[in-house]
Amino acid sequence: MDPKQPEPWQWPDEHWRSIVNHVRAGRTLRPARWKDNARCAVALSFDSDHETTELRDGGKSIGRLSWGQYGSRVGVPRILDVLRRYDVPASFYVPAVTARLYPAEQRRVVDDGHEIGIHGWIHELNSGLSYETERDLMQRSADVLEQTTGVRPVGMRTPSWDFSPHTLRIAKEMGLAYDSSLMADEECYELLLDGEPTGVIEVPVEWVRDDAVYFWMNRFQSQRPYTPPSDVFDIFRREFDRAYQEGGLFQLTMHPHVIGYRSRIWIVEEIIRHARAKGDVWFATHAAAVDWAKQHST
Ligand SMILES: [Zn+2]
C-alpha cells in the first residue's frame, strides 16, 4: 500500500465520478421494428481465438495449441455448415494472428456472407498496454483482416472483453461503427467518452450469453465445465424468449473450440430453429443490427 495514495473511501467525489463516467452508456438504440418488420433481432457471434489464447500469455503448450487448431479444423467448418443450412449470417471476431494462421478460413467466412471484426493482434489484454501500443495493434489488426479478406472491419470485440481507458478513444479515432465488449444494457446503445457522445455504438455482451463460462476447462486448475449442454441451451433459449417478448435484440458469444463439439453444436442449431419458428425474427450480423438500430431509433 502506498501511504501517499488515498484509499478509495478517501477519494473526493470528483475522483470516483470521473472514473465511473470515463466510458458510459448513452442513449439506447431500440428500433420499434427490426428489418423486414421483425419483432426481434438475433445476432450470433463466434470468437475465432484458436491458438491465440495460449500464445497471448507466452504459452507454448503443444496440447493446448492443438485445442486451438481444433477450432479451425473442426469448429469453424461445423459452425459454417449449420449457418449455411439455415441461411443465417453471423459475426466472427478474429485476432490478426488467427487470420495469418488461417487466411483461407477467413475468406470462406466472408464468402459465406458473414462479418469479420477486430479481436486484437494475439488476443492481448488491452488494459496492460500503453495508448500508442494499443492503437498500433488495433490498426495493424484491422489492416491484416482487410488484406486477408478484402473487407475492412467496421466493428471490434476486445479480447476477453478487456477494455483499457484508451480503447474507446482509439475506436473513435479509427472510425469504427461499433464495439461489442461491454455490458451496460441488452439493447444497443451509444458510447459516451467523458460524457460526450462518440458515435460508436455498443452491441452489448454478457457472460450468461457466452458459451465459455459454462464449458471451459483448465487441466491444472479447478476450472471444469459445470453446466450440461441442455442447461446451456435452456439459458440461451430463455434469453431469446424474453428478448422476443420485449421486441429487442438477442446476442450470443460463442467460440469454435468450445461450441464446435459433437455434443454441443446442436445448441446453435436448436436456437436458430427455435427463433425461426416465431416467424418475425431477423437474423443479422452485429454490423447490420447496428446499422438498422442507428437508422431506426428515435
Ligand atoms: Zn477471444
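Analyst: Happy to! Let's start with a definition: a residue is buried under 20% relative accessible area, exposed over 50%, and partly exposed in between, using a 1.4 Å probe and protein chains only. By that rule, aspartate 49 and histidine 119 are both buried. This is a predicted model, in which local features need pLDDT of at least 70 and side-chain atom pairs count only at pLDDT 80 or more, while totals for chains, interfaces and linings use all residues. Residues are numbered from 1 along each chain as its sequence is written, and side-chain values use heavy atoms, with hydrogens and water left out.

User: What makes atoms of Asp49, His119 and His123 donors of the zinc ion?

Analyst: Donors are N, O and S atoms within 2.8 Å of the metal (3.2 Å for Na, K and Ca), and sites may look incomplete, as water is not among the atoms. Here two OD atoms of Asp49 and the NE2 atoms of His119 and His123 lie 2.0 to 2.5 Å from the zinc ion. Along the chain, the donor residues follow the spacing D-x69-H-x3-H. Aspartate 49 sits in the loop between β2 (40-47) and α2 (52-55), and histidine 119 in the loop between β4 (115-118) and α6 (131-149), so this pair ties together parts 70 residues apart in sequence. Those labels come from DSSP runs numbered from the N terminus: helices are H or I with at least four residues, strands E with at least two.

User: Why is the arrangement around the zinc ion called irregular?

Analyst: Four donors are tetrahedral if all angles lie between 85 and 135 degrees; four are square planar and six octahedral if opposite donors are over 155 degrees apart and all others between 65 and 115; anything else is irregular. The four donor atoms here subtend angles of 54 to 139°, so the arrangement is irregular.

User: How do you know whether proline 204 is buried or exposed?

Analyst: Its relative accessibility is 1%, so proline 204 counts as buried. Proline 204 is found in the loop between β8 (196-202) and α8 (212-215). Contact means heavy atoms within 4.5 Å, and, not counting residues up to four places away in sequence, proline 204 touches residues including Leu182, Cys188, Tyr189 and Gln251.

User: What makes the buried residues of α5 line one face of the helix?

Analyst: In α5 (residues 103-111), the buried residues are Glu105, Gln106 and Val109. Seen down the helix axis, they fall within an arc of 95°, so they line one face; the arc is that of the directions from the axis to the C-beta atoms. On the other side of α5, Ala104 and Asp111 are exposed. The buried residues pack against α3 (62-86), β3 (91-94), α4 (96-101), β4 and α6.

User: Why is the pair of tyrosine 214 and tyrosine 226 called tilted?

Analyst: Rings of Phe, Tyr and Trp (its six-membered ring) pair if their centres lie within 6.5 Å; planes under 30 degrees apart are stacked, over 60 edge-to-face, and the rest tilted. By this rule there are eleven aromatic pairs. Tyrosine 214 and tyrosine 226 are 6.2 Å apart centre to centre, with 55° between the planes, and form a tilted pair.
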